[in-house]
Amino acid sequence: MQSVRTMMDELDVVEDGHREASRQQVACFQPGSTDPITHLLDGHVEWDRGAQSACPSLGASRESEQCVVILHAKVAQKSYGNEKRFFCPPPCVYISGHAWRLMQDCLTAGSGGLCGYMCVDTSAQTHGDAFKLTFELLTDRRMFACAKSLFISDQDKRKHFRLLLQIFMASRQEVGSFHSRLIKVISKPSQKRQSMKNADLCISACSRVALFNRLRSQTVSTRYLAVEGGAFIASARQWTAFTITLVEEPRSDRGDFALSEGFVCYGSVVQLVCTESGITLPPMVIRKVNKQHATMEVDEPVSQLHKCAFEFRDKPQAYLCLSNDAIVVHQATCGVRDPNRVVLNDGACWTIIGVEVVDFTFNQEAASVQTPVSPFPVINGGGHVAMLELVGENLGPHLKVCFGNTEAETMFKCPKSLLCVVPDISAFSVAWQPRCSMLTVPVSLLRVDGVLYRTSFTFTYTPELQAPPAALRTAGIPRDPVGEAEQEEDVLLESIHQEFTRANFHLFMT
């Protein structure tokens, strides 16, 4: 057998290009674009530490941040009777940030550590029904814990549920409660061809997935595809979330790969990109597995918890495989009776499942550590006007919307909606030229006691579509009286709109 690292060297995979292609990109300004002047995007951006803040906590160092990340599957099989079908892959929790250690030393004088409980979110929750998490320190200074024995009973009739994570310091001081995303309950993996009615069971391109291998159907022999130290491994404890991308054929003029959208179907060329490090496996063809045989002619959508195999596109009949705790390349053989069926060994048969990565990042530097950070406010989207509406969960009048390091005028509408006035661009940079480049600032939420909640959203100030008359005359371009008049009218209307929006906002406040 050949190692995957050797295989990648032979295929001369350019990881950086695919890594950047798989990440979500910020929209670029193009002349003649019909995009709004300002808009909200889902993505990360570094904080502008040079900007002055109306609140001291907004300019706090990122070293003071605390991060809780929950990894969990999108679906879970229901248990029946005395049988307990533990969630696979098991929900994992990663905790990072220098502030955790400082908080722990402050509260416990250096003794003890963090502890946590995870359970299925129900109306009645006790620690007796929850799985106790024991955090261990990893080599990268993160803390890790795994809930290996969680399951959902057949007495629970819900079609969807959430996981609830509660974290405490050693002094029993509660840090906060954190919810997972919704998890769909299924009875067993569907072997039928999926239709649009069950689109939520299909694997979408650019979604996150996990792979695991269970030799001889034994739970104790389960191994998860993971990335550790820049290498692909088979781990019995930790698993990695990968972004699965559909790859079109390379273009002859450039030789790179184009990504496409839609559902992942058997026979498609895919790539697995580690969501954390960006490390990428070579292009592979995903094949359906039935009774330890890979079928060549199946082209149906890939569904949750399907058995599948990954054939390296540029090396026919070479499959991604595990051997003990190593990831290797398995050379398969064609079936004697049917050339469209390839015989595989146990290590080359993987189970695929969609997963979620839920990130909670906050900063308690200016707050009292005696107050839990929960309920954690979540932003799911927003509008595209001067008065911005943020839609999410756990919102309240105790929260203010912040654009970068600038606190915005905010009004509480309901637990799922906040209204705020978009700050003027001059609040971020006096020297910013509105017609030269975009300016993107992160959007966060500030609690009245100083706790700062980071979100995955950014707000972008977009250049105006046309240069002012003075700039045109300086460049020697002939004057257009009609165009100048129209532009002046547009500027006037925009100014009236801004003032009306602010007046309307203050009317709501009063």
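The legends below describe an overview and close-up views of a predicted protein model.

Residue numbers start from 1 along each chain as its sequence is written, and side-chain values use heavy atoms, with hydrogens and water left out. Because this is a predicted model, local features need pLDDT of at least 70 and side-chain atom pairs count only at pLDDT 80 or more, whereas totals for chains, interfaces and linings use all residues.

**Figure 1. Overview of the protein chain, with five helices and 35 strands.** Helices (H or I, at least four residues) and strands (E, at least two) are DSSP runs, numbered from the N terminus. The chain has 510 residues, and 48% of them count as buried. Buried means under 20% relative accessible area, exposed means over 50%, and partly exposed lies in between (1.4 Å probe, protein chains only). The accessible surface comes to about 25500 Å², with 52% of it belonging to carbon and sulfur atoms; accessible areas come from the Shrake-Rupley method with a 1.4 Å probe, and for residues only the protein chains shown count as cover. Of the contacts (heavy atoms within 4.5 Å) with a separation of 6 or more, 67% are between residues 24 or more positions apart.

**Figure 2. The open sheet of four strands, in the order β7-β6-β11-β12.** The pairing in this sheet is antiparallel; two strands pair if DSSP finds at least two bridges between them. β7 (131-134) and β12 (174-179) are the edge strands, and each pairs on one side only. On average, neighbouring strands are turned by 20° against each other, direction ignored. For such angles, axes are lines fitted to C-alpha atoms (for helices over the stretch in contact), and values run from 0 to 180 degrees between N-to-C directions.

**Figure 3. Strand β11 between its partners β6 and β12.** Strands β6 (residues 115-120) and β11 (residues 163-168) run antiparallel and are joined by six bridges. On the other pairing, β11 and β12 are antiparallel over five bridges. Gln166 of β11 stands opposite Tyr117, and its bridge partner in β12 is Ser177. The hairpin of β11 and β12 has five residues between the strands, and there Arg172 takes a positive phi near 75°.

**Figure 4. Strand β3 (residues 65-73), enclosed by the rest of the structure.** Nine of the nine residues of β3 are buried, so the strand is largely enclosed. Glu65, Cys67, Val69, Leu71 and Ala73 point one way, while Gln66, Val68, Ile70 and His72 point the other way. β3 runs antiparallel to β27 (residues 350-363), with nine bridges between them, and His72 stands opposite Glu356 in β27. β3 also runs antiparallel to β5 (residues 92-96), with five bridges; here Cys67 stands opposite Ser96.

**Figure 5. Ser79 in the loop between β4 (75-77) and β5.** Ser79 counts as buried because its relative accessible area is 3%. Its side chain reaches the backbone nitrogen of Arg85 at 2.8 Å. Leaving aside residues up to four places away in sequence, Ser79 touches Lys84, Arg85, Phe151, Ile152, Ser153 and Asp154.

**Figure 6. Lys288 in strand β20 (residues 284-290).** Lys288 has 13% relative accessibility and therefore counts as buried. The side chains of Lys288 and Glu300 are joined by a polar contact of 2.9 Å. A polar contact is a pair of N or O atoms within 3.5 Å; within protein, one must be able to donate a hydrogen and the other to accept it, and residues adjacent in sequence count only if both atoms are side-chain atoms. Beyond residues up to four places away in sequence, Lys288 touches several others, including Gln191, Tyr266, His293, His306 and Lys307.

**Figure 7. Glu389 in strand β29 (residues 387-393).** Glu389 is partly exposed, with a relative accessible area of 27%. Its side chain makes a polar contact with the side chain of Ser417 (2.7 Å), and another polar contact, of 3.4 Å, joins the side chains of Glu389 and Lys413. Thr410 is 21 residues from Glu389 along the chain, and their C-alpha atoms are separated by 9.6 Å.

**Figure 8. Cysteines in a structure with zero disulfides.** A disulfide is counted as a pair of cysteine sulfur atoms within 2.5 Å. Cys88 is in no disulfide, and the nearest cysteine sulfur, that of Cys146, is 9.7 Å away. Cys88 is buried at 16% relative accessibility, and Cys119 is buried at 6%.
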